Amino acid sequence: MTTLTLHPGRLTLVELQAVHAGGVRLVIDDAAAAAVDASAAVIARAAAGSAAIYGVNTGFGQLASTRIGAADLEALQCNLIRSHAVGVGAALAPAVVRLMLALKIASLARGHSGVRLVVLRTLCAAHDAGLVPYVPGQGSVGASGDLAPLAHLTLALMGEGEFLVDGVRVPAAGVLAGTGIPPLVLAAKEGLALINGTQASTALALHALLAFEPVLEAALVIGALTLDAARGSDAPFDARIHALRGQPGQIDVAAYYRALLAGSAIRASHREGDDRVQDPYCLRCQPQVVGACLDQLRHAALVLLREANAVTDNPLVFPEDGAVLPGGNFHAEPVALAADAMAVAIAEVGAIAERRIAMLIDANVSRLPPFLTTDAGLNSGFMIAHVTAASLASENKSLAHPASVDSLPTSANQEDHVSMATFAARRLQAMIANTAHILGIELLAAAEGIEFLRPLRSSPALEQAHALVRERCPRIARDRYFAPELEVATALVTGGALSRVFRTLPGLPALWVPA
């Protein structure tokens, strides 16, 4: 197990990717201890004083005007966690929960939340022991923070909730005892600091960003393979065209396609004597469409990285002058808008892939046999595989509806505008799965299209991709049970095999996480 030192405020996407993948031990930068101690001292003095401080000696939300006596301050924090752990639905994936733990540690370690070091050390110990708190995925509106998901996470650390052990919910007390981790005992404000914040929605959005990276890289490889199968032109990828527009994602995607197609004998075979003047948009405009999606995803990555390094609980502590200031950093609007932009980009990558499948099976456009079968009529070929792709593309259109515009007031109208960031990020997994399936279908269709052009060879990179398909799925000479091969092709999309083909190309800019 490698050690990852968390430098508060300076987390990188590469570090977050390592936490997401698992197998790392978290250590807090020693320099953070002084700031954490200083902010905890401010809260300790406030708890002993007479002034009303929200969440320290008052109730919460609409009950903020209710004063709590000194003898009940610890009970106040425990009751907060118990009452807020009301999530429902399927448990969040272990990778998401690992990110939640790391993000919460990093936020608290900046020294503006008023918690003691023992809180951070307990979070680290749970992470390093491989413990996965049971966190239901539904129940947060993304303001005032991800209350229900983070309450479930905290309740497990208190020994009152549950952990997932081999996918089974197990009472937390026994799990903590088995690992030698003492249950967390909360002091003033600590419960509030643990459940206020955007760590669940941010973790879900990062989970989607990292999961979509190999899918997008596969989409680039498959789009290039389809272009060669359709004997399309690489002229629209000329760098001069894209420089005139100046959109960075478009410029980079055009460069990706030039590299993927370099050395294709198929392309060379029809530079002369081809009576087609221009290709359909699904081929010709791939840099414009996928490049625009890449720009949106890159922006989302920047937003999510800022949020991963942010302090997002309430109130915030400023030890330099002892101020404890109420604010609204828990409002996850930046995450919601980023996740909505990601949703549109994910849907569009799938939408243009569906159009490329439709083009391949249309003999009038692709000039390949109808439905990519030599005996059309007796065989249906890719006819219904395309229907599946169309259904998935349509489903993604509905899922891409922005969640951030749908606010519902809560807490007796005290929390009267919310972000819906948690759902905005959570629904991305279904969209990624749909797009990956569409791309798996396109991969098989493009590979079949290449077979009709033999003995001509595509580029070295694309022949490598074609070989990956043929190692697992033989040519479809006649109709057969096809569904298992769709799953195999989709695994090539999601599992990184095609991504590795893309990453072997020299001198190209990375997507958003350096390889």
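Contact here means heavy atoms within 4.5 Å. With that in hand, here are some notes on the model.

1. **Ground rules.** This is a predicted model, in which local features need pLDDT of at least 70 and side-chain atom pairs count only at pLDDT 80 or more, while totals for chains, interfaces and linings use all residues. Residues are numbered from 1 along each chain as its sequence is written, and side-chain values use heavy atoms, with hydrogens and water left out.

2. **Overall dimensions.** Along the principal axes, the C-alpha atoms fill a box of roughly 90 × 50 × 45 Å.

3. **Secondary structure and contacts.** You will find 22 helices and eight strands in the protein chain. These are DSSP runs numbered from the N terminus, with helices being H or I of at least four residues and strands being E of at least two. Among contacts with a separation of 6 or more, 79% join residues 24 or more positions apart.

4. **Burial and surface.** Of the 515 residues, 56% count as buried. Buried means under 20% relative accessible area, exposed over 50%, and partly exposed in between, with a 1.4 Å probe and protein chains only. The protein chain exposes about 20,100 Å², of which carbon and sulfur atoms supply 58%; the areas come from the Shrake-Rupley method with a 1.4 Å probe, and for residues only the protein chains shown count as cover.

5. **Charges.** There are 37 positive and 45 negative side chains, and the centres of the two sets lie 4 Å apart. Lys and Arg count as positive and Asp and Glu as negative, leaving out His and the chain ends. Each charge is placed at NZ of Lys, CZ of Arg, CG of Asp or CD of Glu.

6. **Cysteines.** How many disulfides does the rule give? The count comes to zero, a disulfide being a pair of cysteine sulfur atoms within 2.5 Å. For Cys293, the closest cysteine sulfur is in Cys285, 13 Å away, so the two are too far apart for a bond. Cys293 is buried, at 6% relative accessible area, and Cys473 is also buried, at 1%.

7. **Helix α20.** This helix spans residues 460–470, and its buried residues are Ala461, Leu462, Glu463, Ala465, His466, Leu468 and Val469. They pack against α9 (199–229), α11 (248–261), α19 (428–451), α21 (483–494) and α22 (497–503). Leu462 has a relative accessibility of 0% and counts as buried. Leaving aside neighbours within four places in sequence, Leu462 is in contact with Val221, Ala224, Leu225, Asp228, Leu260 and Leu261. The C-alpha atoms of Leu462 and Pro334, 128 residues apart along the chain, are separated by 38 Å.

8. **Ala219 in α9.** Please have a look at Ala219 too, which is found in helix α9 and is buried at 6% relative accessibility. Not counting residues up to four places away in sequence, Ala219 touches Tyr257, Val349, Arg356 and Leu439. Ala219 and Phe502 are 283 residues apart along the chain, yet their C-alpha atoms are separated by 9.9 Å.

9. **Backbone points to check.** Most residues other than glycine have a negative phi, and most peptide bonds are trans. The peptide bond from Ala143 to Ser144 is cis, with omega near 5 degrees; Ser144 sits in the loop between β4 (136–138) and α6 (147–157). The bond from Asn314 to Pro315 is cis as well, with omega near -5 degrees, and Pro315 lies in the loop between α14 (286–308) and β7 (316–318). Phe371 has a positive phi, near 60 degrees; this residue is partly exposed at 26% and lies in the loop between α16 (363–366) and α17 (383–399).

10. **The loop between α17 and α18.** Met420 lies in this loop, with α18 covering 421–426. Met420 has a positive phi of about 60 degrees although it is not a glycine, and its 12% relative accessibility counts as buried. Pro409 has its place in the loop between α17 and α18 and is partly exposed, at 46%. Beyond its neighbours within four places in sequence, Pro409 is in contact with Glu415 and Asp416.
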